[in-house]
Amino acid sequence: MLTVNIAIIIPFLAAIFIPFINKKYPNIHIGWFALFVPATLFVTLARYIPTIAGGKTYVYTINWIPSYGINFTTYLDGLSMIFALLITGIGSLVVIYSIYYLSSKESLSHFYVYLLLFMGAMLGVVFSDNIMVLYVFWELTSISSFLLIAFWYHRKKSRQGAKKSLLITISGGFGMLIGFIMLSGIADTLSIREIVLTIGDNTDHPLFLPAMLLILLGAFTKSAQFPFHIWLPDAMEAPTPVSAYLHSATMVKAGIYLVARFTPVFGGEQTWFWLVSGVGLLTLFWGSFNAIRQTDLKALLAYSTVSQLGMIMSMFGMGSAALHFGYSTESVVYTQATFAALFHLINHSTFKGALFMVVGIVDHEVGTRDLRRLGGLITIMPATFTIALIGSFSMAGLPPFNGFLSKEMFFTAALNISQLDIFALDTWGTLLPVIAWIGSVFTFVYSMIIVFQTFFGPYQKEKLDLPAHGASRGMLVSPIILAVFVVGIFFFPNLVGKYLINPAMTTIFPRLAVEGDLGQTITIWHGFQPELYMTIGVIAVGTFLYIFRNYWKGIYSLFPEKWTFNELYYFSLTQLEDGSAAVTKSYMTGFLRDYLLYIYLFFIVAIGGILFYTGAFSFDLTGDEPVTMFEWSIIIVMIIAGITILFAKSRLTAVLLNGVLGYSIAVLFVIFRAPDLALTQIIVETVTTVLFLVCYYYMPEWKKENKPTRTKRINLIISIAVGIVFVLVALSVQSGKLFESISGYFENAYELAGGKNIVNAILGDFRAFDTMLEVVVLLIAGIGVYTLIKLKAGKEDENIEDQ
Amino acid sequence: MYKTNDLILRTTTSLIAFILLGFAIYLLLAGHNSPGGGFVGGLMTSGAVLLMYMSYGIEAVNKMLPINFVTLIPIGLAIAVATGAGSFLFDVPFMSQTFGYFTVPIFGEIELATAMLFDLGVYFTVVGVMITIILTIGNDQ
C-alpha cells in the first residue's frame, strides 16, 4: 500500500514548498496551507480504520539500500494506526491553534517548516518496519524538536532547553542504534516483523540483554523517563503549540511506541518487565511529586506529562508479563495492562493537548503563566475554564471523563500483576499498586492546583501584564474539540476499544492473538471493586492534601536544589568540558619540543615494542663483508664529528662539522663504488653548507640554552633509545634477507635501455616516473623559497583568525 | 665606498667558468653511459653561473646572460613531462623510453636515447631552481 509511504513523504514535500508559498502570498497566514497536510492525512488514514479493525495489515516497500537490507518499508497495523491518528489528528488541531496563537510578526514559515518536518519524521517512526529507517526518522524527530524548542532563539533559556533536549535524546538515540545493530545481528534481519517471528529462538543470545538495555535507553530518554526526564521541563521554552504537540502528544510518546513495538521481542523477560514497569512507576511518582512544587503552569504540565508517561510505560511493562505464559484465560488477564496503556495513551493525548492549549490561552491573554500571580479568571474566561476543568479532572481520574476509565484500568492492572508469582513478584509485587496509588494522589493534587489556583481565588489585576479578557474564538476551537473527545470517550469507550485498541493488541501479543480474542470491554461502572475504593481513597486523601498543602510543602525543602538531576546534568557537563580542556591543555603545550618527544616516544614504543615482542630481532654477521682500513677511518671521523656537533659552542662550528659529515658520506659513496651518488653528494653538500652559512649570517648569536637537567636527561635517554631502536631494526633487516634482490634485472641496462650507466638508466628510463616527481619537488621548493622571500605580507595586515 | 680589486678572481673566473660549463655539459651528455646525468650536470652549471655572479656582480651577469632563471623551471618540467607523454603517440605506456643508433655526418655512429631528452628536462629544472633559490636569498635585504 503506497499510501502510507506517501503519507510519510507528503509533510516533507510540503515543508519544501512552505517558504515559497509564504513569499508568494504574504497576506494569507501560511498556517492554513500547513493545516491542509495533517488534515488530509488524518482523513486518508482514518479510512483504513475499518479494515485494520478487521485484522488486515498493509506492508509496502520502496528499495533504498537493498544491498544492506535497508529499505523504506512501511507497515500499517493497529499500533501504528493509533499513533498515526494521534499525530495527524492532534497535528491538525495544533496547527489551527497555532494560526491564532502566533502573531504574523513571527517567522512563520520557519515554524511550519519545522513542524511539518517533525510531523513527517514522527509518521516515519511509527510506520517504519525497518529498524534502520526507524532510527533515521527517530533522529529527525530529535532534530526538528530541537529546532522547534529554540524557535525563539534570541532567548537564552530557549537555546539552553533545546541543547539539553538534543543532548539527552540524541545520546539515547545512539544507544538505541547500537541496540538495533545488535538486534539485527541476533536475528539476521532488519525488519521488525521478522525479528518478532524469529526472536523466540534467540533469547539466550549473549547480545540479547545488551540490545534490550540499549533500546530501552533510547525509549526512556525520548519519553522523558526517570532520570532522563530533566529535558522535558526545560523544553517548555518552546511556543505553546509546540509544547502541546511535541511534548505531550507525540514525540514523548515515541519512546512509548518503541516499547510497545518491541514488547513482542523482549516482553516476557524479567529484566524487561522490571525495568519498564519499575522505571515507569518511579517516573509516575517522581513526576507527580515534583509537579506540585512548580509555580509555572507549563512546568507543572511538563512534570505531569512526565508522570503520565511513566504511568503508560509502567502499564506496558506490566502487560509484558502476559508473554511469559502461553495462551490461557489466565494470561489474557495480564494483557489487560497493555490494553489500559493504549487506552490511556489516547486519553492522555486528548486531555494533555487541551490543557497545554488552555495554558497557552491564559498566557496569551493575561501575559503570565505564574501561578502566584494568577487567580479569579473564571468569570473572565468561562470557556477556557470549562476546558481546563474537563482536562484536569480527566487527568486526576474523575468521572465523567476518560481519565477515570484508564485510571481504573491502571489500578486493576497493578492489582492483578501484584498477584503473580513470577519475576520475584511475590516479594515485591505489593509495592506496585501502592506506588501507583501514591502517584495518583499527587496527580489529583496538581490537577486541582491547575484548576483552582488559576481560575478561583482573588483576581489580582495589578500583578498581570495585560488586562484580562476572553480568548479569541479561533484559539478555543482546538481545545474544545479535544475536550469533546475527553467526554465522548468516557461515554463511548468501546468504540475506541474495538476499532483502535484491539487491532493494536494483536500487534503486541501476536502469538496470543492467534489463539483467542484479546479484546476487552471497557465498562464505566464495574461495581464495588477494590479499584473503586482506591479511587475514592485518592479523592479523599488528595482533597485533604490539596487543602492543607501549605502545611506540608516544607517537605520539598528537604531536597536542596543541589541534589536535583538538573544540577547533576549541568555539573557533569561542565566537568566534561573542563576535564577535556584540562586533558588537551596538558599535552598540547604548543612547544615543538614536546610534540617531537611524543613522536619519538611513539617510535620507540611501537617499533621497539614490536621488535621485542615478536622476537624479530636477529643478528647475523656471516654474510657481511670485512671492514677495511679506509672505512674504519672515515667512520671514526664521522663519529667524532657527530659527537662534537653536540658540544659545539658556535653555530659556525656546527655548520662546518655538519659539512664534514656530508663529505665523509661522499667518501663512503666512493669507497662503496657509487660515483653518481658521490658526485651529487659533494655538490649538494657544498650548496647546503653555503645556504646554511647564508641563513645563519642573519641569525643572532647562538645562545647556550639553560635547560633544566631533567630535560637534558630526558633528551639524552630519548635520543639514545631512538638510536638503539634504529640500529636494531637496521641490523635485523640486514641479517634477515627473505629473497634475492631484483637488481639482476637492471644489469641488462645496456640491452634494455641502451645505457651503460645503470644508475642513470634506472633514474631516466626504468623508474623515470619517480625522477619526474622529484623534479616537481624541486620546482615546489624553488617556488616556495621565491614566494617566501619575495612576497611578504606587511606587518599591519590584520590576522583574520584573531578577530 | 671602498671597492675591492678582485682582478685575479675575475680573470680566473672567466677561465674556470668555461671549464665548469663544459664539464657540466659533459656530465649531462655522458650520463647515459658513465657517471653523471641531468641532476649533477644541472648542479654543476648552476655552480658555474654562481661563480660568475660572485666575481662580476649581479648586474654584469644579468647583462651577460639575459636569462630569467625562474622561467627555466617550468620549461624543464615541461620537457620532462612531454618526454613521458610523447610515448602516448606510439601507443605505449607513459614514460616508455627508447633508444637507437644513428649515423650522423660528422660524428659517425652515435646513440640517441629519449632518456636523454628527459635528462635535459631535469637539467633545466635543476639549474632554474638552484639559481632561483640562491639569487632570491642573496638579493634579500
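Which side chain does the side chain of T240(A) join in a polar contact of 3.0 Å? To find out in this predicted model, select T240(A) in helix α11 of chain A, which covers residues 240–249, and then display Y101(A), whose side chain is the partner in that contact.

Next, show chain A and chain B together and select the residues in contact, which are 36 from chain A and 37 from chain B. About 3,200 Å² is buried between the two chains, with carbon and sulfur atoms giving 75% of that area. Across this interface there are 7 residue pairs in polar contact, both residues of each pair being at pLDDT 80 or more, while the count of salt bridges between chain B and chain A is 0.

Now color the side of chain B that touches chain A by element: α2 (38–56), α4 (69–86), β1 (99–104) and α5 (114–139) each supply at least two residues, and α5(B) gives the most, with 13 residues. Colored by class instead, this side of chain B has 24 nonpolar, 10 polar and 3 charged residues.

Finally, select residues 8–132 of chain B, which an unreviewed UniProt entry lists as "domain: Na+/H+ antiporter MnhB subunit-related protein". This span is 69% helix and 10% strand, and its end C-alpha atoms lie 27 Å apart.

Technical notes. Residues are numbered from 1 along each chain as its sequence is written. Chains are lettered from A and ligands numbered from 1 in the order in which they are written. This is a predicted model: local features need pLDDT of at least 70, side-chain atom pairs count only at pLDDT 80 or more; totals for chains, interfaces and linings use all residues. Side-chain values use heavy atoms; hydrogens and water are left out. Contact means heavy atoms within 4.5 Å. Buried area is the accessible area (1.4 Å probe) that two parts lose on being put together, summed over both. A salt bridge is a side-chain nitrogen of Lys or Arg within 4 Å of a carboxyl oxygen of Asp or Glu. A polar contact is a pair of N or O atoms within 3.5 Å; within protein, one must be able to donate a hydrogen and the other to accept it, and residues adjacent in sequence count only if both atoms are side-chain atoms. Helices (H or I, at least four residues) and strands (E, at least two) are DSSP runs, numbered from the N terminus. Ala, Val, Leu, Ile, Met, Phe, Trp, Tyr, Cys and Pro count as nonpolar, Asp, Glu, Lys and Arg as charged, and the others, Gly among them, as polar. UniProt positions are given in the numbering used here, feature names are shortened, and annotations may be inferred rather than shown by experiment.
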